[in-house]
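Keep the sequence and the coordinates open while reading.

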Amino acid sequence: MTPAAPSFSFLPGAAESPVILHVPHSAREIPAGVREGIVLDDGALERELDHITDSHTAEIAETAARLAGVTPWRFVNRLSRLVVDPERFPDEREEMRAVGMGAVYTRTTHREVLRPQGTDPEPLVARYFRPYAQAMTDAVAERLAAVGRAVVVDVHSYPTEPLPYELHGEGPRPPVCLGTDAFHTPPELLAAAREAFGEAVGETGLDSPFAGAYVPLEHYGKEPRVSALMVEIRRDTYMTEPGGPAGPGLTRLASALAALVDSLSA
C-alpha cells in the first residue's frame, strides 16, 4: 500500500475564520517501506485498520466545511496512524506508551505485536511525526497572525464497545464525547459544542472514554489565544462497525459540526 497523496493536507478556509478542523486518524494508507516493519499479515492488518481508523471523519469534516457559513480551515492526515500517531507526545509524557501506543505503535488495539520488539521509532518520528507537528504549528501561527486567535477542533471517532488497548474504557461512552484541556478549552467553547451536538444526538459527555485536546507543543500551556476541543463521535451513530460504510447519521453530525464552526467564527 502506497500513499496516493502527501502525508498531510492543509486545506484553506475563509480568511476571517479562526477554526482549524484537525482530522488525524481518518486514513488507512501505509507507505510500502513502513508496511515492511509491521509483522501482521495483510488480512490481520486490514482488520486492525478497521478497528484503529476513525473511518469517515475526513468526510464529516469536509461536509461540515461545505455546510458552514464561514468555511473553516482543515488539516487532514493522509496516512494511517499506524505510520505515526501525530497526536501522541513523542516522549515519556505519553501515557499510551504503557500499551505500546506512543507516537509509533508497537502493539495493536488488542495488545498483540504490531512491530518487532526493539523497533527504533526515530526514523518514523523524523520522517513523518516532526514535519506534521511543524506544519500544524505553522497553521496555528498563521491563524493567530491573521485573526488574532486559533480554535483547533479535533474530529475523531471511537468504537461502541471498548477495545483492549483503551486505558480508560470503563467509563461512559456517549454518542459524542467532548475532550477538553484545562488551559485551552474555555467554558464558552465547551458550551457551544454541547449546544451544537446536543441538538443532533441528544447526549454529549465529557472526557470519557477519551480526554484532552490537541494543541501544538509550541503553544501548549502557554498561548491562551489558542483554544482546542476534541470531538469524539461514537461510531454506531454514523457508520457500520468496524470499518464499514457510513450511514445517514454522517450528514446529521456534519451539520452539528458546521453549527459549532459557525458559532466559533462569529
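The model is a predicted one. Begin with the pair H3 and H6, which cross in a right-handed sense. H3 covers residues 57–67 and H6 covers residues 249–265; their axes lie 8 Å apart at an angle of about 55°. H3 and H6 are therefore oblique to each other. On the H3 side the contact is made by Glu59, Ile60, Ala61, Thr63, Ala64 and Leu67, and on the H6 side by Leu250, Ala254, Ser255, Leu257 and Ala258. Sorted by class, the contact between H3 and H6 comprises eight nonpolar, two polar and one charged residues.

H6 also packs against H5, residues 187–201, with an angle of about 155° and 9 Å between the axes. Because angles over 145 degrees count as roughly antiparallel, H5 is roughly antiparallel to H6. The crossing of H5 and H6 is right-handed. H5 contributes Leu189, Ala192, Ala193, Ala196, Phe197, Ala200 and Val201, which meet Arg252, Leu253, Ala256, Leu257, Ala259, Leu260, Ser263 and Leu264 of H6. The class count for the contact of H5 with H6 is 13 nonpolar, one polar and one charged residues.

The largest cavity holds about 70 Å³ of space. Its lining consists of Ser7, Phe8, Asn77, Leu79, Ser80, Val83, Val84, Pro86, Tyr128 and Tyr132. By class, the lining of the largest cavity has seven nonpolar, three polar and no charged residues.

Note on methods: Residues numbered from 1 in each chain as written. Predicted model: local features only at pLDDT ≥ 70, side-chain atom pairs only at ≥ 80, totals over all residues. Heavy atoms only, no water. Axes fitted to C-alpha atoms, helices over the stretch in contact; angles between N-to-C directions. Helix = DSSP H or I, 4+ residues; strand = E, 2+ residues; numbered from the N terminus. Parallel < 35°, antiparallel > 145°, perpendicular 65-115°, else oblique. Left-handed = near helix turned anticlockwise from the far one by under 90°. Contact = heavy atoms within 4.5 Å. Nonpolar A, V, L, I, M, F, W, Y, C, P; charged D, E, K, R; others polar. 1 Å grid on protein atoms, 1.4 Å probe; cavity = no way out; pocket = protein on both sides within 12 Å on 5 of 7 lines; lining within 4 Å. Points joined across faces, edges and corners; volume = space filled by probe spheres on them.
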